[in-house]
Amino acid sequence: MQINVSYDSSVASAPAAFKTDVAYVVKLLDAAFSNNVTLNIHIGWGEVGGQALDPSDLGESEEAGAPAYSYTD
């Protein structure tokens, strides 16, 4: 498994251990899966997709959808 992590500029205001914690989770994921896939993870701090989180939010995520396919006989 190839895990690529990219941080946006908001991570500069994250606590010092934030990147260390992300690296720990990446290591756990890498050890748990043996699939020959690439996983791209984009990480921000206090925002998602360039939009600030509501102060009462603990976190948020986005997912990319794959195109729909149909198969006919």
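Exposed stands for over 50% relative accessible area, buried for under 20%, and partly exposed for values in between (1.4 Å probe, protein chains only). Helices (H or I, at least four residues) and strands (E, at least two) are DSSP runs, numbered from the N terminus. The model is predicted: local features need pLDDT of at least 70, side-chain atom pairs count only at pLDDT 80 or more, and totals for chains, interfaces and linings use all residues. Residues are numbered from 1 along each chain as its sequence is written, and side-chain values use heavy atoms, with hydrogens and water left out.

The buried residues of H1 are Phe18, Val22 and Val26. They lie on the same side of H1, because they cover an arc of only 75 degrees around the axis. This arc is that of the directions from the helix axis to the C-beta atoms. An α-helix has 3.6 residues a turn, so residues three or four places apart point the same way. S1 and S2 are included in what covers the buried residues of H1. Contact here requires heavy atoms within 4.5 Å.

The length of H1 was also checked. Its 15 residues, at 1.5 Å a residue, should span 21 Å, and the end C-alpha atoms of H1 are 21 Å apart, which agrees. The expected span is 1.5 Å times one less than the number of residues in the helix.

Thr20 belongs to helix H1. The relative accessible area of Thr20 is 53%, so Thr20 is exposed. Between the C-alpha atoms of Thr20 and Ser70, which are 50 residues apart along the chain, the separation is 42 Å.

Strands S1 (residues 2-7) and S2 (residues 38-43) pair in the parallel sense, with 6 bridges. Pairing requires that DSSP finds at least two bridges between the two strands. From S1 the chain crosses through H1 (residues 18-32) to S2, and this β-α-β crossover is left-handed. A right-handed crossover would run clockwise from the first strand over the helix to the second, with the strands pointing away from the viewer. Gln2 is opposite Thr38 in S2. Tyr7 is opposite Ile43 in S2.

The loop between S1 and H1 contains Ser10. Ser10 counts as buried because its relative accessibility is 17%. Its side chain forms a polar contact of 2.4 Å with the side chain of Asp8. A polar contact is a pair of N or O atoms within 3.5 Å; within protein, one must be able to donate a hydrogen and the other to accept it, and residues adjacent in sequence count only if both atoms are side-chain atoms. The Ser10 side chain also reaches the backbone nitrogen of Trp45 at 2.7 Å. Beyond neighbours within four places in sequence, Ser10 contacts Gly44, Trp45 and Glu47.

Pro15 is also found in the loop between S1 and H1. With a relative accessible area of 47%, Pro15 is partly exposed. The C-alpha atoms of Pro15 and Trp45 are separated by 9.4 Å, at 30 residues apart along the chain.

Gly46 sits in the loop between S2 and strand S3 (47-48). Its relative accessibility is 43%, so Gly46 counts as partly exposed. Gly46 touches Gln51, Ala52 and Leu53, leaving out residues up to four places away in sequence. A separation of 11 Å lies between the C-alpha atoms of Gly46 and Asp8, 38 residues apart along the chain.
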